[in-house]
Amino acid sequence: MFCDVCKSKEPTVFLTQIVEGKMQKVNLCESCSKEKGVNDPTGFALADLLLGLGAAQEIEKNPVGVRCQVCGFSQTDFKKTGRLGCSSCYDAFAEGLSGMLKNMHRGNIHTGKVPEKLAAARLRKEELNLLQTSLDKAVIDERFEEAANLRDKIRRLESEDASERVNQGGEVASVGRMELFPAEETSPTKKPSQKP
Amino acid sequence: MKLSRIIANTGEWLSGSGPHDEIVVSSRVRLARNLKGKPFPGWAKKAERVMVLEEIRSAVEQLPEMKGSFSEKLEDLSPLEKQVLMERHLISREHAAKGVGSAVVMNTAQTLSFMINEEDHLRMQAIRAGLQLDEVFAMINQADSELEDSLEFAFHNELGYLTACPTNVGTGMRASAMLHLPGLVMSEQVNKIVNSVNKIGLAVRGLHGEGTEAMGNLFQVSNQTTLGESEAEIIGRLNKVICQILEHEQNARQILLQQRAETLLDQIGRAYGILCHAHSISTKEALNLLSFIKMGIDLGLFPSKSRLQVDELFIETQPAHLQKGLQVAKLVADERDSLRAALIRAKLKKMPEPEIGKIPTTGTTGSKTMTSSEES
């Protein structure tokens, strides 16, 4: 038997992968396996072992060679350790993670405790979404007086949100949905916190 | 507070009492948290870990409930001390293996412990005797809320609390109860229970958690999933399942008493005999036999005032606990086995022989369903 790549040396690494239900077997010699980046076969198993079978494959759904921009953690690191490098990795590897999280948990949206500082902002966001829906509906139904009221409410809430974010040192959310009702005193490009 | 003074006392979770504490040894809830914008411990450089450690440690030490707490860096603890803490479930096996950049902070009652730079920046747990998951969750939840004032935890709008391992993301919560199930083991029903519990997204594990053997008929039941349900929902689900297991255990004991009383009494009597007269005994054998004595107490064969003594033996016979009072180098296994046997003999000397002649008709086993048919 010879290595599937160089076809000259004795294979020492036997890789079996199941891709979309089909089993694929690859036999590699030591130097070719290193070249292909599978020199650490235990790395493949560890993610599977820690995160459940099939986890390593889910990880591979991320674009090849993707790295966390913040901490430099790579997909290979993830596959090897079954752990992530930092909190930003959740965004960097989101594609592969979403399927995996769905498989291992009961849904993929957190419904539990929220830190108090964030809880207020979260509630406001939910209320904003509700108000926005009512506003859209009022506009369609041509109930303009009600719509104007809703618009004012939304502005008030958004200005609270923005000032809180400034306090927390985060970026201020830009307001992009006010164009419908350009009021006299504020131009649509102005941020709500600048409202008198 | 010095460690030696803390470990001289039995933890509250062992000596204290709680609902159903004959079968539910302890309830525990741990939360995993990480600081925003800092790499997780497994990926962080040593200097980064030390910085995180300092920040979290001072915040934890300032909590009102942690007044007079024990706080130590892992590198300043001896391997024996680490193992003692592990045997008491105050730190994890993984944490015991850590050195520079990790620390542990715990209160004197040993009900709250904070592991800094384990797999996550902070793993904090509350543990108490008996079935009281809601109470231990309230304890640790309060500590978490207080820490929020001084620490900013990594939190994602959709995914919740972010953790190094995706299996903990969301609530970051692992709630568990340690159950003593000799009845289900003896009647060979325990595998059935384990399998059905696993099917509904809860895990059953051995004495020291993941990948450990079930010794002394002790099993840990915990939630497997952390995302998609609130803390209260998870604990509610776990509570329900534990109550069911509890009932199964009580029924199993009742059925054993009715159908295989001789076998049951024989096992308890033999356990007593061996423990009273052995001169060398391994941890595993000791725990398995102590389990029968513990059940004997539940059934009224031994006076109930012996309960604490026997419960303490479950911990005191573990390898590191055996050696903690000794100022000698690490004992080899044979020496530990003799020491263990001597300790058990001394403690059981004060305990009267089991009243094997009298088959208990009442006791803690308040069985409701007695419908099982005679086995051939």
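B:Arg253 counts as buried because it has 26 C-beta neighbours inside 10 Å; a residue is buried if 20 or more other C-beta atoms lie within 10 Å of its own, exposed if 12 or fewer, and partly exposed in between, with C-beta atoms placed from the backbone. B:Arg253 sits in helix α9 of chain B. Its C-alpha atom is separated by 9.1 Å from that of B:Met295, 42 residues apart along the chain.

A word on the model: it is predicted, with local features needing pLDDT of at least 70 and side-chain atom pairs counting only at pLDDT 80 or more, while totals for chains, interfaces and linings use all residues. Residues are numbered from 1 along each chain as its sequence is written, and chains are lettered from A and ligands numbered from 1 in the order in which they are written.

Let us stay with α9(B) and look at a partner. The axes of α6 (residues 133-148) and α9 (residues 231-259) of chain B come within 10 Å and cross at roughly 155 degrees. Helices (H or I, at least four residues) and strands (E, at least two) are DSSP runs, numbered from the N terminus. α6(B) and α9(B) are therefore roughly antiparallel (angles over 145 degrees). On the α6(B) side, B:Leu133, B:Asp134 and B:Phe137 meet B:Glu231, B:Ile235, B:Leu238 and B:Asn239 of α9(B); contact requires C-beta atoms, placed from the backbone, within 7 Å.

Next comes helix α8 (residues 190-199) of chain B, whose buried residues are B:Val190, B:Ile193 and B:Val197. These cover an arc of only 60 degrees around the axis, so they lie on the same side of α8(B); the arc is that of the directions from the helix axis to the C-beta atoms. On the other side of α8(B), B:Asn191, B:Lys192, B:Asn195, B:Asn198 and B:Lys199 are exposed. The buried residues pack against α7, β9, β10 and α9 of chain B. Just after α8(B), B:Gly201 has a positive phi of about 80 degrees.

Finally, the two chains meet in a contact that takes 29 residues from chain A and 32 residues from chain B.

Technical notes:
Axes are lines fitted to C-alpha atoms, for helices over the stretch in contact, and angles run from 0 to 180 degrees between N-to-C directions. Angles under 35 degrees count as roughly parallel, over 145 as roughly antiparallel, 65 to 115 as roughly perpendicular and the rest as oblique.
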